[in-house]
Amino acid sequence: MILTITVNPSIDRTVELAEPLEPGAVQRATASRVEAGGKGVNVARVVASAGNDALAVLPARQTDALLRLLDDVSLPYRCIDIHQDVRSNITIVDPDGTTTKINAAGAELDTATDTALTDLIDQLAPDAHWIALCGSLPPGLPDDWYARIAERLAARGANVAVDTSGAPLKAVARPGIGLLKPNADELAELVGGSGPEIESLAATGDFTSASIAAQTLAARTGGAVLTTLGAAGALLTIGPRTWSATTPPITPRSTVGAGDASLAGYLLADLDGETPPERLRRAVAYGSAAAALPGTQPPSPTHLDLTNVHVTELPLSTTV
């Protein structure tokens, strides 16, 4: 079973436009979707779509529309009751797949909710093969909340994966994390450099900067680092070894949730006992499949193009 923790869930509203977004103009949508969201929820939906056991943990009011959306897609979840509605996020998608996302801060969580979430995670963790801590932290939780939870779980031998950004990512990037999933910008935040430069070089087939940065981070945490690089693909770094993978050809519909699908693909491959290169192949195939679907619709195994994901082991870096 894969257990996902989403402390800042959302209702995701996606609007597709026939023409590029024009600030200040009035434009009509060609399509729209409303889905349960939040990074951990997205991961759990992909895992469940593959026919595997997933359980999403989140805070939400018992009457919140988010829970009805989760029921609609039959996603198993455990909920800590709060007294505010969860946030609504808005995504605007141009015809070429360019995505503009507006995220609200989220409902403020108090100390009692913090304690209830921690107790529930402790209760469920023994049955989980992986525990994925995903997304931003809402108001009320300290920046080191993920670090505190991860340290607690790692001390009990749990496999912990983390996908977050900003101060919470900096706090958690230390020994004991089984898997970190940064994108190029987040990787640069942690070890220095320029995220756009790392990604643009990777798009030309030059993964050197990304590889050196990922190996620096892997040396710091002692765990695996799955670095997503947008349309350029992804890297998997385990110890001194790094593999790169390029994406299959797709027509992008929405990049929202693509990184979450990549993480889910990696975890699913690990459940199946796959080698590191095959875990990376599955991660990239899932991320690409998600980008080809509208909204945050989770890809299933039938959407995958594994054949056209090309995985290569990169030379060992001598600079780390």
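In this predicted model, helix H3 contributes Asp114, Leu117, Thr118, Ile121 and Asp122 to a contact with helix H4, where the partners are Trp145, Arg148, Ile149, Arg152 and Leu153. By class, this contact of H3 with H4 comprises five nonpolar, one polar and four charged residues. An open sheet of four strands, E3-E2-E6-E7 in order, is also described below, together with helix H2, which lies across E2 and E3.

**Geometry of the H3 and H4 pair**

- Helix H3 spans residues 111-124 and helix H4 spans residues 145-154; their axes come within 11 Å.
- The two axes cross at roughly 30°; angles under 35 degrees count as roughly parallel, and H3 and H4 are therefore roughly parallel to each other.
- The crossing of H3 and H4 is right-handed.

**The four-stranded sheet**

- Pairing within the open sheet E3-E2-E6-E7 is mixed.
- Strand E3 (29-37) and strand E7 (99-102) form the edges, each pairing on one side only.
- From one strand to the next, the twist averages 15°.

**Pairing of E2 with E6**

- Strand E2, residues 10-17, pairs with strand E6, residues 87-93, in the parallel sense.
- Seven bridges join E2 and E6.
- Val15 has Ile92 in E6 as its bridge partner.

**Helix H2 on the sheet**

- Helix H2 comprises residues 65-72 and lies across strands E2 and E3.
- Relative to E3, helix H2 runs at about 95°.

Conventions:
Residues are numbered from 1 along each chain as its sequence is written. This is a predicted model: local features need pLDDT of at least 70, side-chain atom pairs count only at pLDDT 80 or more; totals for chains, interfaces and linings use all residues. Side-chain values use heavy atoms; hydrogens and water are left out. Two strands pair if DSSP finds at least two bridges between them. Helices (H or I, at least four residues) and strands (E, at least two) are DSSP runs, numbered from the N terminus. Axes are lines fitted to C-alpha atoms, for helices over the stretch in contact, and angles run from 0 to 180 degrees between N-to-C directions. Contact means heavy atoms within 4.5 Å. Angles under 35 degrees count as roughly parallel, over 145 as roughly antiparallel, 65 to 115 as roughly perpendicular and the rest as oblique. A crossing is left-handed if the near helix is turned anticlockwise from the far one by less than a right angle, and right-handed if clockwise. Ala, Val, Leu, Ile, Met, Phe, Trp, Tyr, Cys and Pro count as nonpolar, Asp, Glu, Lys and Arg as charged, and the others, Gly among them, as polar.
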